[in-house]
Structure formats: structure tokens, C-alpha cells
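Hi,

Here is the structure I said I would pass on. Have a look at it first, then read my notes below.

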Amino acid sequence: MKQVRWAILIPICLFILGVNAAEAAEYAVQAGGVKNGGTVYGRVIFKGTPPPPKMMKVDEDVATCGPDRPSEALLVSKSGGIKNVVLSIEGIQSGKKWDFPKEFVYDQKKCRFVPRVLLIKPKSKGVVLNSDPVGHNFHTVSKGIYNVNKKIKADAKMVVAEDKIRRSGTVRAKCDIHSWMEGWWVVAETPYTVLSDENGNFSIKDIPPGTYKLKIWHEKLGESQQPVVIETGKTTELSINLKL
Amino acid sequence: MRRTILSILVMAGLFLSSATALAAGQEVEKLYQRHCTACHGEKGDGDGPAAYLLSPKPRDFTRGVYKFRSTPTGSPPTDQDLLRTLKHGVPGTSMPPWDRLSEKELTDVIKYVKSFSDIFADQGAMEPPIAIKSPPRLTKESVQAGRKVYKEMECNKCHGPRGRGDGPSAAKLTDDWERPIRPYDFTRGPGLMKGGAAPQDIYRTFMTGLDGTPMPSFIDELTEKQRWQLVHYIQSLSPAGTKTTAPESTPTLRAVKASVDPPLDSDDPVWKQSPATVVPLRPLWARDTWVDSVKVQTVIGPKMAAFRFEWRDIRGNDEVIRPRDFRDGIAMQYIPQGKPSDYVGIPFIGMGDDKDVVTIWHWKADWEADMKKGFRDVVQKYGVTMDRMTSPADHTSDRIYLAGLAAANPLSTRQHSTPVEVLAAKGFGTLTSLSATDQTVEGRGVWRNGVWVVVMRQTLDSAPALRQRKILPVAIAAWDGDAGDRNGQKSVSQWMELTIE
């Protein structure tokens, strides 16, 4: 009888383990908490002279959307800082808890996505607004992360339920009526993920000491990475150069 | 002892069931590889070797994004949804109906297709189908009200003010793979509505949206009453009105035996007595007009078998002298050997596969014209002599300039003994012309008042399958030279059964 019992027990155990593994895999970092962690403070700088932004033709609902506008795909400050760069530290096994907002808000205002780049975690819930007096086709494109296409009429909204954003990665947002509208949702893999501000500055806090990979993503400049060393209680300063 | 036996039995049972599961898995993999891989790719990424010939492109299964669903936007389709697409195909595209595969085989293929994306295993992503009630009656008032809804919902921005697919945003639309895509022109009628043309189908299409395309879901935008009003308005835009066509299915061809051999003359009375089947064709590269159907008849005499093809073509193209000229043509492929009874046993529709050779008879309008009027090229037609080819007398013998002819390429010959080229193929990209001695299919084509009628004929000694077999798998392709059709740009049928009485 013994063998039979094992034959039943082993698959059950595997099943339970499997489920746990799957749940853990959803978030790469165990929320073990960090005491006296290190900080990365840095700046992302555009190397060379940024090209003049492409003019986007506004040829639909001009009364609401306004005139032709420069593309915001690459925003470089006067001193060369790049906005909307996503920076994340990879390879941390156990660290801080997610400190991302509980719910996100993504707006469509004057036929523009606000913010242009949204940073969220997997399984986030949130709401997509339409603050315009015209309708939008809120359409997302991704590799199986979150793909919807929904008409949101004037002053209406769309709720994104908790389990819809399936995993980390990038999701492109577009509107099929207003072809110039561009937006991105970056679904972070770890809580150690931040967005650079309009001067290209960023900081990542509470990092357990160690040597890690800093992953850098920008919608137009692509993906790159560089090593980063974190020491207990110290701030590591970084200057990151990106070019086209 | 009993325990040991029991555990051995349990183990054996487990082993056997997994072995049969494995065998079934291999079976369905073979089925997918045979019929689906050429377009949808071995990895299901929609990038098979034939994909470049197709528009719209074959579905990339790896993203788990599907157009034709009963579920809300963002949610994967149900098995029933996938089954519907497989059974009926997608009208106006290269996806044919697979209605002759068994339900079991289709279910297996669906399981296999689903395995390319993990979204189907994600309980959070799955949502139940949108419930659709029976439609209310269409009235003048509901159509009028629907017209208002159409405008309020800004359908006109893509589909145009009169539903012709020509709205201001139409020209700039792209799908999720950044490929240009066109909004549907409702005035083309219900037959080409990809999501189906019944009132419930139209309702479903705008409620679910077509994920991966610019067509959004309108699920939260409309009251139940408005939704049906919109359906009625869409129906009213179609020239067929509320008439809906049945989903496409694969027809069966019937050959009749005759006591005398069938002639090449397409007006011969024998053709009046033999049954005709209208074979629907689908364009591999979608466009506004194509050869959408061919009427096919088959007569088998004591020594000869003949096929008669009749199709509409507004202009006969039998001259290919200028670089922009392309010929009209019709071709038939069949499997000379092998078991014929089902799709599993037949090779891939795109020219067979490595296990089964297909034979192709390809009638070419310009070859026929060359036979009737004599060979023509730039010199004969325009009196133009090219550089260095100093005179017509000179260049016919100047083999340096006529490499094909010099190499005895059968396609370069100027004296055709028949307008039909006989070819063999065993898989996509393997098309081969048979040797001169095997070019034994006769043909004759007549273009009259916008209609081509072509008869192709061969002796039963050269095509023994037509004598021996009771059922023969046959498929048809047609080329419209006016539309620039050539080679892989053509319209094709699915495999059909030719039953021989």
C-alpha cells in the first residue's frame, strides 16, 4: 500500500510546489525588507546634439487636439538630461517591498497620453480616463502582456481589473483615431525600477549591498545595461550616456 | 505480492496513458505541420515560408491576440470561437475553411494552437463570452436611429460617412504588427464580413472588437437598444440588405462518365449535360476584386478525361509583352497517388508536401494566343528592335541574348504544342515543370463577353488516377493578369473531393 500512497503524495507535493513557484515568479524580488541599504543616484544624459523632434501631424479633431505638435518620444533638457528613461536593478534576490502606487491613473488629454510613460507593477489595477470631448480608441500592443482595444467615449473611463496586466515588459499605447498619440506602460519586474525626471535624474533606494546589473530602457534609444556596485549605507553616483 | 502487482499495474497504466497522450501529441503536431506550418510557421509566430505571399498576414499565435472572439477585448477566444474560424475560414483572406477535418482533429489542432501562448492558461485573463440575445426586428426607424449611433460612436472616422471604409483615419491604420490595415467597406456586402454577417455576428464584432486591429470594443458605450440599431444600420449599408450568406463550405466536384471522349470545344453539348460545381476561390493577397469563383465540370470518356472551367474576368489578358503585362490563367492540382478520403491523408494545399507529389495542369492565356496568332514579342508587336539585336532575323538566332532558349528551358520556347504546362511539386517552393515528353495535357480557352471558358484534357493512359480512382482530391487556382497576378499571387480553392461515378 505504501507505494500507492507515495504515487499519490508525490504529484500532490509537486503540484503545491509548482503553484508556489509560479506565484513567486510573478515578482522577482522577495520582500524580505532591507536595513541600511545603499542608494544609486544618477543622471541620464544624451550624448551629442539631439535631433530636432519630428512634427506630428494633427489632422483629426483639431479643435480639441490643437495644432501639429513635436513628437515627445525623445525629451532632452537644455543641459542634456533625458526624461522618461526606465532604470531598474536586476539580480536582487531579497529586498524592499513594492512601493508603487496601489492604483494607477492614465489619462488622455488634448489627444495626448498623460503621462507618456507610465511605470507600474504586474497585476496593477487602475483606470484609463478620457478627459477629452472626443472619443479615443484606447489600444495597447504588447507581446501577450496586456492587449486591449476599447472605445472610450468623451469624458468616460475604462477600468483595468487587477489580474489583467499579466507580467513585466513594455506595452505600447496608441489611439487608432488620432495616429500621433503615443504612450508606454512599463510593467516593472522589480520594485527597484524608476523613471528619470525631466532633467534626466533618478534615484533608487534601499538596495542590499552587492554587484548588480542596471538595466536601462528608453522607447527610442532602446535597451542597454551596465554594472553597478552598491555598498552598505552609501550612495553610488552614476552618469549614464545614451545616444541614438 | 499483491501490493507489488498493484503498483506495477498503476505504473503501467500511467506509462500507457502518457504514451498514448504522447502519440496523440505527435499526431496533432504532424497535422499542424502538414497543413498550418507553411503559413503560421513551425513556432506559431505567423512567419511560415509562405507568409510573404499572403495579405492579411497569417495569425501570430505567440501573442495570444485573436480577432474573432465571443469574449471581451483583452481576453483570449474560447475553443468554440477558434473552431468557428477553422471550420469556415476567414472570408476574403487566404485562410480556407477546414470543414472536412473531423471535429476531433479540429479540437486537437485548437489545443496545439493554444499551446503557443500562455494566455490560455491564465485564469485572470479568461473572461466568459458576451451574451447575445435574439435580435429585434429591423425597421425603417431602427435603421434611422442606427445611423445616428454610427455617427455618435465615430464609426465614420474609419468606415466613412457612407460605410465605404473611406473615413479620414482609414489610410493611416495599422495593426499590432505595424502593418497597414483597411477598415471594412460595408457596401461590399455581407459575404466578406470576417466576423460573420448575421445580426448577432455584427453585434458580436463591435462588442468584442477585433483585437490586434484598430477595431475597438464598444461594450460600455451603448445601450442594448442602440446596439441593435447600429446592427440594423450596418445591415442597411449592404447591397444585399438583410440577406446573409451562409458561411463558406468546401464543395464537392462530380465527374460524369461519357460514352464518347469529351472534346476540347467548350460549347459542345456534352458540357450541357454534366453537373457544374461553383468553386469559391480566395485571394492570397487581399484586394477589391479577384477571381472569386470558378464553375468546374468534369467528363470522363473511354480514353480521355476533360475539365471545363468557367469564370468571370472583365478583361482577357493573353499578351505578356510589356514588363507590366501578366497573363490570365487557370490551374488544377490533384494527387495522382495516395489515400484521398480526408485532409489528414492529403498534403498541404500549397503544392503538396514531401510525402505526396501533386500534379498540376496550368493553362496559360498567352501560350494559347501564341499558338493561335504566332509568337509575339516587342519586335513583332511594335516593330521595335533592341540595341545590338539588329534585326529580327538576327536576334532569333542570337543565343547570347536568349539564354533561356539556349539552355533549352521549356518555358522559353516559342512554339508551344499546348497552352497547358504540366508540373509536379512536393511542397512549397518545389514546383517543377515536367519534361517535354510529359507535356501531354491539351487545352483550349475562349474569352467572350467578360467570361473565360477553358477546357483541359488528357488521355487516361497518361492520368491513370482519373480512371482508377473513385475519389480524387483536387484544388483550383486562378490568375487575373489585369490585377497583376503571377506565380504565388493568385486565388485558390481548398482541397475538394472529385467523385467519379
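A:K110 is partly exposed because 14 other C-beta atoms lie within 10 Å of its own (a residue is buried with 20 or more other C-beta atoms within 10 Å, exposed with 12 or fewer, and partly exposed in between; C-beta atoms are placed from the backbone). You'll find A:K110 in the loop between β5 and β6 of chain A (helices, H or I of at least four residues, and strands, E of at least two, are DSSP runs numbered from the N terminus). Its backbone is worth a look: A:K110 has a positive phi of about 50 degrees although it is not a glycine.

Before you go further, keep in mind that this is a predicted model, where local features need pLDDT of at least 70, side-chain atom pairs count only at pLDDT 80 or more, and totals for chains, interfaces and linings use all residues. Residues are numbered from 1 along each chain as its sequence is written, while chains are lettered from A and ligands numbered from 1 in the order in which they are written.

Strand β5 (residues 103-108) of chain A pairs with β6(A) in the antiparallel sense, over two bridges (strands pair if DSSP finds at least two bridges between them). A:Q108 has A:F113 in β6(A) as its bridge partner. Both strands belong to an open sheet of four strands in chain A, with the order β6-β5-β8-β11 and mixed pairing. At the edges are β6 (113-114) and β11 (157-160) of chain A, each pairing on one side only.

The peptide bond from B:S55 to B:P56 is cis, with omega near -5 degrees, and B:P56 is in the loop between α2 (37-40) and α3 (79-88) of chain B. B:E154, a residue other than glycine, has a positive phi near 60 degrees. Is B:E154 buried or exposed? It counts as buried, because it has 21 C-beta neighbours inside 10 Å.

Now for the inside. The largest nonpolar core has 60 residues, and those with the most contacts inside it include B:V294, B:W361 and B:A478 (such a core is a set of buried Ala, Val, Leu, Ile, Met, Phe, Trp, Tyr and Cys residues joined through C-beta atoms within 7 Å). Strand β12 (residues 471-479) of chain B gives the most to this core: seven residues. The core lies between domain 1 (22-121) and domain 3 (253-375 + 415-500) of chain B, because both give residues to it (the domain bounds come from an automatic or database domain assignment). Leaving aside neighbours within four places in sequence, B:A478 is in contact with residues including B:L281, B:W311 and B:K490 (contact means C-beta atoms, placed from the backbone, within 7 Å).

Eight of its ten residues are buried, so α7(B) is largely enclosed by the rest of the structure. Among the buried ones are B:I202, B:Y203 and B:F206, and what covers them includes α8 (224-237) of chain B. Just after α7(B), B:G209 takes a positive phi of about 70 degrees.

Cheers

Terms used. Contact = placed C-beta atoms within 7 Å.
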